[in-house]
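Subject: Structure for you to look at

Hello,

Here is the structure I promised to pass on. Please open it next to this message.

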Amino acid sequence: MEASTESDPRPRGAFITRVATLLGIAAEGAALALAVAALGILCLLIGLVWTGVVLLALAATTGGFFRDPDRTAVTAGDVVLSGADGRVTDIAEEELPGMADGARYRRVSVFMSLLNVHVNRAPVGGDVVAIKYMPGQFRAAFRDHASLYNERNLIVLTDRAARR
């Protein structure tokens with residue numbers, strides 16, 4: 001098994017990771033999609049046709065939700081890309097939560113609908129200088145201030161100009 005990280009405490013098996021890569025979906029969704037697909041196939045084999053079809057459709061939908069398409073990023077030095085598909089809902093400058101030095105950062109909030117790719121990527125090139133897992137609630141993402149209360153990872157990057 002691969003080692004877990006501070007930001008993702010769940011271990012992930014090498015087999016699931018390979019299958020997920022082969023299917024083009026995130027490893028977090030591969031196990032779920034494959035389990036539902038296996039259950040659907042089992043239902044088909046024992047004669048529960050409609051249940052099997054519904055489960056296979058659910059497995060395909062789950063795989064679609066966790067899809068992880070390859071992206072080609074712009075390589076210009078000072079370009080900031082969106083870290084996620086979706087609609088930018090807020091841009092604000094704030095203090096880094098959970099950091100003692102009072103450093104400020106620019107937060108870009110992106111709302112992702114069910115149809116958006118739910119994989120987040122680094123919006124800028126640079127070095128990761130801190131990762132902090134922040135446990136929290138699971139409030140509806142479209143609610144005001146949900147990002148203050150929901151479970152999340154804070155990842156601090158430093159670019160070539162030493163900006164955070």
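Below is what was found in it, starting with the overall layout.

Ground rules first. This is a predicted model, in which local features need pLDDT of at least 70 and side-chain atom pairs count only at pLDDT 80 or more, while totals for chains, interfaces and linings use all residues. Residues are numbered from 1 along each chain as its sequence is written, and side-chain values use heavy atoms, with hydrogens and water left out.

**Layout**

The protein has 4 helices and 4 strands. These are DSSP runs numbered from the N terminus: helices are H or I with at least four residues, strands are E with at least two. From the N terminus on, the order is α-α-α-β-β-β-α-β. Of the 164 residues, 22% are buried. Buried means under 20% relative accessible area, exposed means over 50%, and partly exposed lies in between (1.4 Å probe, protein chains only). Contact means heavy atoms within 4.5 Å. Among contacts between residues at least 6 apart in sequence, 47% join residues at least 24 apart.

**Helices α2 and α3**

Helix α2 (27-45) has 19 residues, and its end C-alpha atoms are 27 Å apart, which agrees with the 27 Å they should span at 1.5 Å a residue. The expected span is 1.5 Å times one less than the number of residues. Its buried residues are A27, G29, A30, A33, V36, A37, G40 and C43. They pack against α1 (14-23) and α3. Just after α2, G47 takes a positive phi of about 95°.

G52, L55, A59, T62 and G63 are buried in α3. They cover an arc of only 100° around the axis, which puts them on the same side of α3. The arc is that of the directions from the helix axis to the C-beta atoms. W50, V54, A60 and T61 are exposed on the other side of α3. What covers the buried residues of α3 includes α2.

V129 sits in strand β3 (residues 127-134). At 47% relative accessibility, V129 is partly exposed. Leaving aside neighbours within four places in sequence, V129 is in contact with V156, L157 and T158.

V156 belongs to strand β4 (residues 152-158). V156 is buried, with a relative accessible area of 4%. Its C-alpha is 5.1 Å from that of A130, 26 residues apart along the chain.

E151 is in the loop between α4 (146-149) and β4. E151 is partly exposed at 37% relative accessible area. Leaving aside neighbours within four places, E151 contacts Y133, M134, P135, G136, Q137 and F138. Its C-alpha is 4.6 Å from that of P135, 16 residues apart in sequence.

Best wishes
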